[in-house]
Protein chains: 2
Amino acid sequence: MTVPGAGPARAPLRIGVAGLGTVGVGVLRLLEANAELIAARAGRPIVIAAVAARDRARERGIDLAGLRWHEDACGLATDPAIDVVVELIGGADGAARQVVEAALAAGRPVVTANKALIAIHGAALAAIAERCGVPLCFEAAVAGGIPVIKAVREGLAADRLTRVGGILNGTCNYILTAMRESGRDFATILAEAQALGYAEADPSTDIDGIDAAHKLAILAALAFGRPVDFGSVHVEGIRAIGALDIAFAQELGYRIKLLGIARLTEAGVEARVHPCLVPQTAPIALVEGVFNAVFAEGDFVGRIMLEGRGAGAGPTASAVVADLIDIARGTTVPVWGANAEQLSQVVSVPIGERLGDYYLRLHVLDRPGVIAEIAAILRDSGVSLKSMLQHAAPDDVAGGDAPDAVPIVLVTHQTREVAMRRALDLIAALDVVVEPPAMIRIEAG
Amino acid sequence: MTVPGAGPARAPLRIGVAGLGTVGVGVLRLLEANAELIAARAGRPIVIAAVAARDRARERGIDLAGLRWHEDACGLATDPAIDVVVELIGGADGAARQVVEAALAAGRPVVTANKALIAIHGAALAAIAERCGVPLCFEAAVAGGIPVIKAVREGLAADRLTRVGGILNGTCNYILTAMRESGRDFATILAEAQALGYAEADPSTDIDGIDAAHKLAILAALAFGRPVDFGSVHVEGIRAIGALDIAFAQELGYRIKLLGIARLTEAGVEARVHPCLVPQTAPIALVEGVFNAVFAEGDFVGRIMLEGRGAGAGPTASAVVADLIDIARGTTVPVWGANAEQLSQVVSVPIGERLGDYYLRLHVLDRPGVIAEIAAILRDSGVSLKSMLQHAAPDDVAGGDAPDAVPIVLVTHQTREVAMRRALDLIAALDVVVEPPAMIRIEAG
């Protein structure tokens with residue numbers, strides 16, 4: 001095929017796709033649907049030459065005739081008929097890791113949507129890519145079709161970034177939004193989300209915050225120019241969020257969101273995923289349902305925020321093919337924004353060092369002196385209270401074991417997390433406290 | 001200077017900056033403040049080698065010692081001591097255009113923040129850049145530090161985009177936000193914005209929508225892959241927006257925003273800048289004050305939105321230097337996303353073809369039969385009404401000439417703009433209509 005205007009006709013870029021699940025099929029569909037437009041933008045056609053998947057007989061709703069087929073993905077990695085490997089198998093290890101390593105070592109550019117792989121093995125893979133001089137692209141690994149990798153690594157390359165993060169998991173955001181809108185509890189909404197296909201049969205990677213933590217680790221590495229370090233991300237999910245917390249948050253002027261937040265402070269890099277109370281007027285509080293949002297703050301640019309669909313076959317395929325177009329154009333950017341030797345060695349700061357406000361929800365027996373006892377513990381731990389809420393117990397809240405228990409909500413002034421936790425341990429041990437206390441961090445958004 | 005990890009030491013990229021206003025000084029400050037980080041990301045240092053500005057004596061608060069100085073910007077364009085020209089003079093013609101043309105013709109990459117230049121002469125400049133094989137970058141021309149050019153041209157390169165636009169002028173958004181928050185009128189808020197430095201002494205480029213139209217023309221060209229065509233953008237500003245319209249909009253559940261909107265329809269490309277009523281829950285309605293927001297909608301990615309500061313020395317310098325880092329890295333992307341021969345020749349659609357809802361505000365004499373007369377005209381023009389609002393005239397609204405005039409607000413169902421305008425001409429000609437009617441288009445956001 002001749003590409004007018006691109007000088008001499010340029011050879012097509014031949015793609016091998018490993019993994020033909022929803023996203024893999026989406027990539028094939030997109031490359032077919034927008035072939036002409038993609039060839040114009042890439043300066044050459046991008047064509048599927050080979051695929052790898054175990055089950056050849058499965059009906060996928062697309063025509064795979066004429067494509068080379070590998071049952072073993074590693075065969076694809078070194079297939080001489082392809083120029084680029086697209087890894088869409090998933091999982092941090094196993095076949096996904098093997099095919100990516102093999103392809104890079106063979107001098108093949110790799111595009112992947114695999115956040116676990118990049119968050120956990122990204123530094124080692126970048127070393128192979130650098131050594132072999134080939135691109136390793138993963139725009140689809142964070143926030144689906146929203147080009148956040150490109151924005152942070154290239155668009156904000158001039159800035160010293162100090163904060164990056166956002167709503168990184170659509171399943172959690174869907175559940176929290178639905179809980180708020182319906183007033184129903186976590187388990188009910190999760191079951192509904194599973195029925196609708198917004199949550200997996202085994203939802204733990206999403207709802208326990210692990211998926212968001214993979215993405216945050218990647219964003220933090222790019223933003224602060226240091227090797228990706230998934231192990232240093234503090235992770236909490238949303239299982240413990242009760243309908244009561246959603247209601248109290250609303251009464252206090254907040255919404256509950258699962259945020260990933262990475263900050264560069266004088267002490268080092270703080271990276272954490274956990275539910276947060278954010279003011280209900282903050283831009284991020286208004287990002288609802290399955291939508292994702294990523295913010296970044298830099299010394300010259302100020303704060304920017306990007307939002308859109310963070311998952312699904314279409315958005316993910318859009319990001320994968322944008323990476324392929326970059327490769328076809330010959331764009332080369334260091335995997336982590338700078339070569340490995342130039343990445344910073346700034347240390348990680350443990351969660352105990354967090355300084356901020358806290359929301360505490362306690363279930364206490366409705367007896368004289370209880371508040372005084374709790375207030376004394378907080379005072380002795382150096383935790384200063386901003387406000388307190390107490391309502392008569394609604395019928396469906398008071399536990400059967402403790403019919404006279406009432407919920408109390410406390411909001412603190414700025415407190416170091418270690419002090420907060422020490423105080424909570426003492427409070428939890430009180431006889432009058434009948435349930436483990438809930439603690440949710442308050443963030444500006 | 002040796003750049004570790006980049007293989008053999010790479011020569012610094014030597015920059016010449018034409019124009020030392022606020023943004024020019026911002027670029028110099030940024031290159032100095034983040035020099036080390038920029039060198040790591042760019043793979044080589046980026047250094048200022050020369051500047052061009054007329055007044056050498058002016059105090060700019062930065063050290064210019066040791067820099068080559070050109071009083072004539074065109075001398076800078078061909079100065080052998082520089083590798084890249086940064087044009088920050090401004091204006092579609094004159095020195096800005098000359099220096100960019102001269103630099104490109106001399107094979108020098110150009111970075112500019114000049115939206116008027118790119119919107120009006122962007123096709124011709126791209127032709128020179130293509131012929132001479134040099135990059136022409138203008139990330140700073142649209143939405144300041146928010147990397148929207150990169151997002152649309154590269155991040156969404158795989159998508160067929162059907163809609164792009166947003167809040168593209170911070171001055172107008174500041175004025176409209178302040179009008180809503182204070183209830184005061186346009187002239188008062190404009191004067192205040194001028195005093196605060198949010199509006200220019202001559203504010204017409206901003207408030208008449210021209211600046212937003214420059215940016216929309218650029219976004220539309222990138223999104224739809226066709227030559228930039230400022231002349232086809234329909235432009236209206238915000239001078240005619242009254243405090244009364246802001247109040248009525250709020251009562252109807254809307255906010256008024258100056259939006260730039262470009263759509264690709266079966267008939268061609270529709271591009272227009274005008275005030276809009278947007279539902280107050282739409283994400284774009286919540287972007288307030290000097291902030292900008294850009295949305296894009298594609299066939300696979302769905303809708304994404306980017307927001308942040310669209311102007312100011314810091315954000316603009318951030319975008320200029322990000323472009324310089326791309327050039328230092330050797331990234332080359334066609335100026336308009338594809339080579340000139342591959343751009344589409346899709347036609348422009350005139351504003352009369354717009355199909356949508358309309359808000360109309362009339363001042364009519366408070367007499368029997370007036371509503372019936374207006375309703376008959378709308379019916380005969382094929383305009384169907386959705387709702388009507390009428391209040392007793394507030395004291396400060398009724399004109400001195402027509403003490404018994406009252407405002408009436410009509411909201412239409414979907415109507416073709418030509419029909420709407422025909423009806424409005426007839427309504428305006430009625431004796432009982434004492435002021436030219438106000439018409440504001442309603443958009444989903």
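What share of the contacts in chain A with a separation of 6 or more is accounted for by residues 24 or more positions apart? The share is 76%, where two residues are in contact if their C-beta atoms, placed from the backbone, lie within 7 Å.

## Basis of the model

This is a predicted model, in which local features need pLDDT of at least 70 and side-chain atom pairs count only at pLDDT 80 or more, while totals for chains, interfaces and linings use all residues. Residues are numbered from 1 along each chain as its sequence is written, and chains are lettered from A and ligands numbered from 1 in the order in which they are written.

## Chain A as a whole

Chain A has 14 helices and 17 strands, these being DSSP runs (H or I, at least four residues, for helices; E, at least two, for strands) numbered from the N terminus. Of its 445 residues, 56% are buried, a term that requires 20 or more other C-beta atoms within 10 Å of the residue's own.

The C-alpha trace of chain A spans about 85 × 45 × 35 Å along its principal axes.

## Helices α13 and α14

In chain A, helix α13 (residues 370–380) packs with helix α14 (residues 417–428) at an angle of about 155°, their axes being 9 Å apart. The two helices, α13(A) and α14(A), are therefore roughly antiparallel, a label for angles over 145 degrees. Residues A:I374, A:I377 and A:L378 of α13(A) make the contact with A:A423, A:L426 and A:I427 of α14(A). By class, this contact of α13(A) with α14(A) has six nonpolar residues, no polar ones and no charged ones, with Ala, Val, Leu, Ile, Met, Phe, Trp, Tyr, Cys and Pro counting as nonpolar, Asp, Glu, Lys and Arg as charged, and the others, Gly among them, as polar.

Note on methods. Axes fitted to C-alpha atoms, helices over the stretch in contact; angles between N-to-C directions. Parallel < 35°, antiparallel > 145°, perpendicular 65-115°, else oblique. Buried ≥ 20, exposed ≤ 12 C-beta atoms within 10 Å, placed from the backbone.
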